[in-house]
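Colleague: I would like to learn how to read helices and strands in a model. Please take me through some cases.

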Amino acid sequence: MAAPATLKELLKTHTVEGELYERMENDRLRCYACGHRCVILPGLDGICRVRYNEGGRLRVPAGYVGGLQCDPVEKKPFFHAYPGSLALTFGMLGCDYHCSYCFTGDTVVITNRGPLTLKEAFESADRVDLTTDAEIAYPEDLKTVTASGGLKRVRAVFKHQYEGRLAIIRPYYLPELRCTPDHQIYATDDAVSPPAKIEAQKLTKNHYLAIPRHHDFSSSQAINVFEQLSGHQVTYRVPWALSLNDRQGIATQDHHLVPIRDMTFTEYEGNVYNMEVEEDHSYLANFVAVSNCQNYITSQALRDPVAGVPPKEVSPRMMVEVARKYDARLIVSSYNEPLITSEWAVDIFKQARPAGFVCGYVSNGNATPQVLDYIRPWTDLYKIDLKGFDDKKYRKLGGLLEHVLDTIRMVYERGFWLEIVTLIIPGFNDSTDELKAAADFIASVSPDIPWHVTAFHKDYKMTGPDNTPVETLIRAAEIGYGAGLRFVYAGNIPGRVGKYENTFCPNCKATLIERYGFRVLKNRIENGACPKCNTIIPGRWESRETAPHRKSTGLPILVNPF
């Protein structure tokens with residue numbers, strides 16, 4: 001039997017029947033692992049791409065880890081749970097949020113049915129699934145020309161509401177492209193280097209867009225070029241000022257390279273569309289090669305370095321043995337979104353809890369009552385990312401703010417120890433009004449919930465936004481205290497935020513825990529209380545006499561037990 005050729009095929013060999021689902025008519029099923037509550041038809045995946053319907057039964061990930069590391073518990077971050085301890089942290093693959101890479105509906109794609117707009121491709125499907133933030137159409141037997149010139153099956157066409165900036169790319173000779181700024185376009189800035197995927201917002205007039213020269217059709221494809229370009233005469237008013245050589249563009253062995261005449265941006269509100277295409281994960285948008293909407297694991301070859309390290313087979317018993325080996329106090333599901341792999345986490349936690357380990361989730365907070373009730377008997381700690389307090393921004397990530405707020409309430413009501421993190425990104429969620437709204441909401445659930453406001457650090461490849469200033473973190477922390485929260489922390493800038501790394505008694509203001517980054521310098525809490533005034537400090541604590549586990553140095557420990 002041939003070995004699995006792609007990561008997705010390999011992952012299908014590491015599945016079991018799930019428990020968090022409801023069977024429906026015609027072998028359909030509804031999954032309850034996350035707030036999308038996907039209705040999944042036979043042979044298809046949920047939004048996460050790792051939970052799928054096989055003959056009317058839900059298959060879910062099990063028996064592997066995609067990442068494994070011993071982290072300081074403060075890195076999760078949990079500041080009020082076993083400070084200074086180590087957390088064996090594991091992750092799998094898949095996520096229930098998605099990107100917003102999309103085009104406007106009038107964008108033309110070349111298909112086995114002839115030219116279609118994305119809107120027409122979407123509307124050609126008989127079956128459309130509705131999710132909380134998008135519509136997913138499944139056209140039958142629709143194929144499209146890809147960046148390599150092949151003709152590949154369209155797996156799905158997506159439509160969702162978008163509000164924000166659009167990039168407008170105006171090439172010579174061709175209709176303009178209108179897409180979200182982060183959509184990846186095949187382009188190059190010289191004739192020697194092959195075209196590569198570049199975000200639309202990073203394109204300049206020095207770039208050339210790519211059109212494949214060779215096509216692999218099983219039948220001839222007729223394209224009425226006049227009809228397709230007749231509405232775009234404005235494109236032709238400027239090029240003739242160029243020299244004859246410039247007007248020819250550049251023809252390489254595999255591509256025609258078309259220069260960009262102009263690049264602008266505009267504000268937009270309305271529907272946007274995208275496709276997922278099998279194998280090549282690309283298509284032609286207004287004749288130009290572009291990347292498709294592709295989840296991380298969808299058909300990625302294992303040899304592709306972008307796809308990361310292959311998953312490692314492991315059993316729940318092995319996970320407990322590794323945790324003992326590294327003297328961890330906690331076992332935590334993190335890295336990807338743990339809700340969508342909850343059956344596997346519970347299998348591990350069922351062996352870890354009786355063995356004396358504390359178990360936790362690090363989550364985006366897009367939960368359902370069903371999944372929280374399912375994990376609660378085995379899970380002690382729960383961290384939620386509150387990415388902001390603006391529903392429109394959440395929708396761009398593929399989620400809904402109200403779902404996250406509901407999850408915060410449900411997690412607190414069910415008795416998990418809850419801490420909340422907001423990554424402060426300049427220009428995205430750092431306004432005083434938005435920070436105050438977030439702080440007010442958390443305080444309305446409980447003033448004892450720790451709120452971590454952490455700094456964004458720009459990746460070296462990014463053009464923006466900027467790194468979060470220290471002053472912004474301190475302002476956010478003060479807003480939290482002003483809203484009535486009793487424990488607010490500023491993070492990701494060790495040693496530069498002063499007192500906001502430390503824990504104080506809310507009654508007498510004594511310093512209880514001193515930290516530098518993820519390292520605990522001193523812990524004065526005794527039996528869960530302030531030693532000075534005996535005020536109980538909310539959290540999960542243990543005395544130094546009953547804590548034989550290794551203390552963290554504040555640095556992660558790479559784990560390779562296999």
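Predicted model: local features only at pLDDT ≥ 70, side-chain atom pairs only at ≥ 80, totals over all residues.

Modeller: Residues are numbered from 1 along each chain as its sequence is written, and side-chain values use heavy atoms, with hydrogens and water left out.

Colleague: Which residues of helix H5 are buried?

Modeller: An α-helix has 3.6 residues a turn, so residues three or four places apart point the same way. Helices (H or I, at least four residues) and strands (E, at least two) are DSSP runs, numbered from the N terminus. Buried means under 20% relative accessible area, exposed over 50%, partly exposed in between (1.4 Å probe, protein chains only). In H5 (residues 316-325), Pro316, Met319, Val320, Val322 and Ala323 are buried. Seen down the axis of H5, they fall within an arc of 160°, so they line one face of the helix; the arc is that of the directions from the helix axis to the C-beta atoms. Exposed Arg317 and Lys325 sit on the face turned away from the buried side of H5.

Colleague: In which sense do strands E30 and E31 pair?

Modeller: Two strands pair if DSSP finds at least two bridges between them. E30 (residues 451-455) and E31 are parallel, over 4 bridges, with Trp451 opposite Val488 in E31. From E31 (residues 488-491), Val488 and Ala490 point one way, Tyr489 and Gly491 the other, and all are buried.

Colleague: And what is the strand order in the open sheet of 3 strands?

Modeller: The order is E2-E3-E4, with antiparallel pairing. E2 (21-23) and E4 (39-40) are the edge strands, each pairing on one side only.
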